[in-house]
Structures are given as C-alpha cells and as structure tokens.
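Biologist: I am new to this structure. Could you show me how to read its features, one at a time?

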Amino acid sequence: MNVPLNIDWQQILLHLLNFSVLTFGLYLLLYKPVKTFMDERAKHYETLDTQAKEKLEEAEKLEASYNRRLKDVETEIENKKAGAAVEAKKAADLILRNARQQAEGLLSDAREAAQDERAKILDDSRQEIAYMAMTAAEKLLEQSASGALDQFLTAVKKE
Amino acid sequence: MAIKNKKLITIIIWLAVILALFAGVFLTGNQGEKHETVKEMMRDAVLHDLNHISFLGIKEVNPAFISALVITAVLLISAAFIRLFFIPRLKYIPSKFQLLLEQMVGLFDNFAKTNSPHQNGFLGAYIFGAGMYIFFGTMFELIGFQAFTTEGYAISLPAPLSDINGAIAMGCLSYLIILIAGIVTNGFKGLGSTLKDFSMPLSMSFRLFGAMLSGVLVTELVYYYLSLSFVLPVIVGVLFTLLHAIIQTYVLVMLTASTYGEATKPKKKQLSRHSPVSGGFQN
C-alpha cells in the first residue's frame, strides 16, 4: 500500500526505538542523578532552615524566660531595698533612741554632779564662813580681852 | 603601541583569510555542482523520495533517521561523560556548568510539576528527553554533518524531526504516554477524557513536522544559491535555527505537559441533576 507523504511505518518504529533509548539513557545518566542531588540539597537546606527556626524559637523562649527572671529579680531587689530601708530606719531610730537615752543619762548625771558640787561648795563655803566668823570672833575676843586685862592691870598697878 | 600593532596585524590576517576564501570559492568553479534542481531538493525535503542512506546495510532509511542516531549517540556519550566525571563532584555551591545542568533539569522538572501537579515523576523524565532531542536535533542542522546517499551523493544531514516519520513517532509517543497515564490514574474515565482529544497525535505530529520542515526549506533555499551563501546564513542559519529550536521544544513540551496534567487530574464524582438531594423537597 502506498502511504501518502511516503510515511514508512518501519522507520517510525525505528525513530520510536531510538527516542526511547535516548530518553531512558538521559533519564538514567543525567536527569535522575542531577534531580536526586538537587532534592538532597533542597532537603539539606530545609533541615538547616528548620534547625535555624527551632534555634530561634529556643532563643526566643530563653529570652522570654530571662526577661521574666530579670523582672523577678528586679522586683526582689525592690523588695529587698524596701526591707533594707525599713531595717535601716529601725536601726537609725534605735541608735537615736539610745543616743537620746545616753544623752539624758549624761545630763542627769551632770546635773546630779553639779548639784552635789554646789551642795559641797555651799557646805564648804558655809564652813569657811563659819570658820572665818569664828576666827574673827576669836580675834575680836582676843583683842577685847587683852584690852580689859591691860586696863585692869593698869588699874591694879595704880592702886 | 604594541597592542595597536597586534590588533592591526590580526585585522590584516582576518581580511586576507576572507579574501583567500572568496577567491577559492570563485576559482574552484562548478566542482561542487548540484545533482538536483531546487524543485527536486524541495520535493525531497518534504517527501523523502530521492535521497536515502543505507542503515547498516539492512535497510535504506531517510537521512533524518541517521541524524537521529547521531544525536542519540552524541547525547548519550556526553551524558555518560558527565555522569562519570562531573556528577560525582557536584557541590552545594554550584559552578557554572553545574548551574547549567541544574537549570536544564530544573526547567523540565518545574514544567512537569506546574502542569501536572498530581503526577509528574515520569512526565519530568519524558519531557526532559523530548526537549533535549528536539533542541539538539534542531541545532544539529547547523553543523552540516555530511553523509553519502545510496546513489553516492554527499548531503548534509537534516534535523531528525524534519522527517515526517520522526515527527509522527514523537507526536504519537507523546499521545500514547498521555493516554497510558490517564488510564493508570483515572481508569476508564481517564481513557475517555484522553480519547476525546483523538486529533492530538495528528496535530502534534504535523505541527512539529511543518514547523521543522519550514526551517529546513528556508535554510536549503538559502544554501542552494551561491550568491545567498554569504552573510545571510548568519541570520537564517544561526538565529532562525536557534529560535526555532527553542520554540519547538517549548511548544511540544508545553502541550505534552498540560495534556498529561489534564489526563492525570483526579476526577471528582459529579452530583446527578435528576437524583434529589436527601432531605430536600420531596412529597
């Protein structure tokens, strides 16, 4: 049978065979290995990406926990500061009270000492005045006695 | 100064070579006389009834089949070399050649994945083979590989797909693959939806044949006449062939991939218009 355009079935089959061999060969030698390599590389980078994301998430969690801790620590510090201030105030009050008590004691002691001293001085002064008065009286007496005696003696002699 | 002299010498040598070739062309006269008229040549390009080449002494075949064999051999040997010496040294940060390889494989793989999202493993491999065959087959024209016909004339081998047998083989194989994929994926429905496009093997084959043949005819016409064989082949030969190769590769690959995707798309069960929805208005 004369096929139009000189189509030759045998040559069509030969072309098919040739093309099948080429396609299969190219698939085995080029397409499959290169695609496998590309897939492996994509997988590798996907793994890296996943790991990076996981690490980022972990870092974010860590950051959040550190921030939380930092906040807690700050609150604790604030509380401790407030406690310390109260304690310091208490201690200062105590010291002040003690100092006042001490001062009052010192003052009362000083007062007592001053009163004792005054009393002593007064006593001494009284004694001294008494002594001086006595001495003066004695002297007066002495003076007056010796004059009378002299007068008597003189009178006696005259007689 | 020395560089200027070097440039001048190069230009002089180049001009001398061109003049010598010109002189050679005109002085050798009609030694390469054509054994066929332009009409016979054109007719042979379409019908392949004049020039035949003996295939291993078994059968007389069209020159395009020999082209197909040469291309297959060259591509497979190159692929084997690449597989043995280059692919084991592929790196995560690619070199220029690796980038080219990856682009080639990635291009066809993406074509397959985009056009046939449900099933694309085999399609990628098939369109890679078909694309390489069409592209390098068309570019093969440029080399002007010589062969002897059974009548003893020297001819330059044409693109394999400019032969109607080659184009039919390619078109029918593509359709066959789509048909099988449709049956494997969707059973009888897949067969039906693929058979619906029964004109596809014809259109694929003859579109490819017509496109390739037009390129061959224009090129043959240009090279037939001596006066047209200067400067013009740079445009016709190189630019047209290159564009031609890219366009034909794209067209066949695209058509095959999209039809394959259509055939392998999972079919949804359609609701019957006549059967009422349960719980609807029914008295």
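Modeller: Start with one residue. At 69% relative accessibility, L56(B) counts as exposed, because exposed means over 50%. Keep in mind that this is a predicted model.

Biologist: Where does L56(B) lie in chain B?

Modeller: L56(B) sits in the loop between β1 and β2 of chain B. Its backbone has a positive phi of about 55°, although L56(B) is not a glycine.

Biologist: Now a contrast. Is Y126(B) buried or exposed?

Modeller: Y126(B) is buried, with a relative accessible area of 3%. The cut-off for buried is under 20%. Y126(B) belongs to helix α5 of chain B. Y126(B) and L161(B) are 35 residues apart in sequence and 17 Å apart in space, C-alpha to C-alpha.

Biologist: How should I read a nonpolar core?

Modeller: In soluble globular proteins, nonpolar side chains tend to be buried together. Here, the largest nonpolar core has 70 residues. Those with the most contacts inside it are L30(A), I127(B), F128(B), Y133(B) and M170(B).

Biologist: Which elements give two or more residues to this core?

Modeller: From chain A, α1 (9-158) does. From chain B, the list is β1 (53-55), α3 (63-86), α4 (96-115), α5 (121-143), α6 (164-195), α7 (200-224) and α8. With 11 residues, α6(B) gives the most to this core.

Biologist: Next, salt bridges. What is the general idea?

Modeller: Side chains of opposite charge can pair when their charged atoms come close. The cut-off is a side-chain nitrogen of Lys or Arg within 4 Å of a carboxyl oxygen of Asp or Glu. By this rule, the count over all chains is eight salt bridges.

Biologist: How many residues apart are K35(A) and D39(A)?

Modeller: They are four residues apart in helix α1 of chain A, about one turn of the helix. D39(A) counts as partly exposed, at 39% relative accessibility.

Biologist: Last topic: charge patches. Which residues gather in a patch of positive charge on the surface?

Modeller: They are K189(B), K196(B), K265(B), K267(B) and K268(B). Take K267(B) as an example. K267(B) is in the segment after α8 (232-263) of chain B. At 37% relative accessibility, K267(B) counts as partly exposed.

Biologist: Which residues make the patch of negative charge?

Modeller: D109(A), E112(A), D116(A), E117(A), D124(A) and E128(A) gather there, on the surface. D124(A) lies in helix α1 of chain A. D124(A) is partly exposed, with a relative accessible area of 37%.

Methods: Residues are numbered from 1 along each chain as its sequence is written. Chains are lettered from A and ligands numbered from 1 in the order in which they are written. This is a predicted model: local features need pLDDT of at least 70, side-chain atom pairs count only at pLDDT 80 or more; totals for chains, interfaces and linings use all residues. Side-chain values use heavy atoms; hydrogens and water are left out. Patches are made of residues with over 30% relative accessible area and no salt bridge: like charges are joined within 9 Å, nonpolar side chains (Val, Leu, Ile, Met, Phe, Trp, Tyr) within 5 Å. Accessible areas come from the Shrake-Rupley method with a 1.4 Å probe; for residues, only the protein chains shown count as cover. Lys and Arg count as positive and Asp and Glu as negative; His and the chain ends are not counted. The place of a charge is taken as NZ of Lys, CZ of Arg, CG of Asp or CD of Glu. Buried means under 20% relative accessible area, exposed over 50%, partly exposed in between (1.4 Å probe, protein chains only). A nonpolar core is a set of buried Ala, Val, Leu, Ile, Met, Phe, Trp, Tyr and Cys residues joined through side-chain atoms within 4.5 Å.
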